[in-house]
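Colleague: I have a model open and a list of labels beside it. Please take me through what stands behind them.

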Amino acid sequence: MYVLGVETSCDETSVSVVKDGNIVLSNQVLSQIDIHQNYGGVVPEIASREHVKGVTYVFDQAIKKAGIAFKDIDLIAVTKGPGLIGSLLIGINAAKVISMNYNIPIIGVHHISGHIYANYIDHGMNFPLLALVVSGGHTELILMKEHFDFNKLGETQDDAVGEAYDKVARILDLGYPGGPAVDQLAKEGKDSLHFPRPMIHSDDYHFSFSGLKSHVINTHHNMKQRGEDICKEDFARSFQEAVTDVLVEKTIKAKNEFKVKEVIVAGGVAANSGLRQKLNERIKDVPVYFPKMAYCTDNAAMIAAAGYFQYKKHGEYDDLYINGYSRLNLERG
Ligand code: ATP
Ligand code: MG
Ligand code: FE
């Protein structure tokens, strides 16, 4: 079954052709990072316009690279949310055009189910499994007992991990998006600043990162006021150690309670080297999987993979009234 994936929820225009849920024939990603960098973050209005400019080209490239024709596609899977509404609608409308023109069924996919299914592409899935979702807008622990069955055990009560990374990067003047830059600097620093590990021993699976973020900002501000030397490497390392300690501790707690067969990590922060290392060091009894780098941040291959299993599970298509949603519940599929 050939699925055409379409992803435009934020600042990547991406289209992909995936066969049977894991054979990626093409995965074209047009990133707008260069443009948004000038503003220190994604500007929604600009993002929508850039999607409009690039979307037709990316569709054509994805089909060409896959070596097939639109008429060969069996299903179109498009991100319907959560995300920037203007951006989502560009992908959804482009997907509708192809659906109508070639008479191909269409389904709307939850962006986070895509991040989770990025793991299926190279590793498959073995249930029950625990998914640690760490992205720009989400930080959650999800228990899956079978395909396309998402039980949220806990989530951040305020900032997402990726958001905190980007904020800390801004304080350290590392540009946007800051996650990869903080990760890189952390390798040369020491955990010398002893930042707090929020909620690390709380009796639940929730997280909180806004207090830690403020702590980093205040420490930086106070040191500057006192004219002290600021070692960016140590800031990056101390922040990364604090974040990953909390993520790993809660992941282990959930792994043990629910006796899962594997742990998978999903979302942009799954690219983080500190998190990868710590999870691999601390979890030895079950496998821990991460998507390959290209499938960690936003891409359409993950949406096609998720769409394939969503269709297999529910056997239902959407119709051409399909809409975009800035907020959307994952558990309702
Ligand atoms: P969501 O998926 O929640 O809607 P999003 O799509 O904006 O949000 P992703 O594309 O999944 O987020 O991930 C982007 C985030 O990942 C950014 O916050 C970025 O800083 C972070 N990130 C990417 N690489 C790394 C890394 N190596 N270390 C830490 N953070 C990283
Ligand atoms: Mg992005
Ligand atoms: Fe994402």
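This is a predicted model: local features need pLDDT of at least 70, side-chain atom pairs count only at pLDDT 80 or more; totals for chains, interfaces and linings use all residues.

Colleague: Why is G67 called exposed rather than buried?

Modeller: G67 has 10 other C-beta atoms within 10 Å. The cut-off for exposed is 12 or fewer. Therefore G67 counts as exposed.

Colleague: Where is G67 placed?

Modeller: G67 sits in the loop between α2 (44-66) and β4 (75-81).

Colleague: Now N272. What makes N272 buried or exposed?

Modeller: Count again. N272 has 27 other C-beta atoms within 10 Å. Buried takes 20 or more. So N272 is buried.

Colleague: Which element holds N272, and what does N272 contact?

Modeller: N272 lies in the loop between β9 and α9. Setting aside neighbours within four places in sequence, N272 is in contact with G179 and D183. As for N299, N272 and N299 are 27 residues apart in sequence and 17 Å apart in space, C-alpha to C-alpha.

Colleague: Next, helix α9. How do you know that the buried residues of α9 are on the same side?

Modeller: Start with the names. In α9 (residues 273-282), the buried residues are G274, L275 and L279. They cover an arc of only 120 degrees around the axis, so they fall on the same side of α9. In general, an α-helix has 3.6 residues a turn, so residues three or four places apart point the same way.

Colleague: Which residues are exposed on the other side of α9?

Modeller: Q277, N280 and E281 are exposed there.

Colleague: And what do the buried residues of α9 pack against?

Modeller: They pack against α6 (179-186), α8 (232-258), β9 (262-266) and β10 (288-289).

Colleague: UniProt lists H111, H115 and D298 for "binding site". What makes them a cluster in space?

Modeller: That listing comes from an unreviewed UniProt entry. The residues are spread over 188 residues of sequence. Yet the largest C-alpha distance is 8.8 Å.

Colleague: Last topic, the domains. How is the chain divided?

Modeller: Domain 1 is 2-116 + 295-314, and domain 2 is 126-290. Their C-alpha centres lie 27 Å apart.

Colleague: How do you know that domain 1 touches domain 2?

Modeller: By contacts. A contact takes C-beta atoms within 7 Å. On that basis, 15 residues of domain 1 are in contact with 17 residues of domain 2. On the domain 1 side, the elements giving two or more residues are α1 (33-37), α4 (111-123) and α11 (300-314). The residues of that side divide into 5 nonpolar, 8 polar and 2 charged.

Terms used
Residues are numbered from 1 along each chain as its sequence is written. Chains are lettered from A and ligands numbered from 1 in the order in which they are written. Helices (H or I, at least four residues) and strands (E, at least two) are DSSP runs, numbered from the N terminus. The arc is that of the directions from the helix axis to the C-beta atoms. Two residues are in contact if their C-beta atoms, placed from the backbone, lie within 7 Å. Domain bounds come from an automatic or database domain assignment. Ala, Val, Leu, Ile, Met, Phe, Trp, Tyr, Cys and Pro count as nonpolar, Asp, Glu, Lys and Arg as charged, and the others, Gly among them, as polar. UniProt positions are given in the numbering used here, feature names are shortened, and annotations may be inferred rather than shown by experiment.
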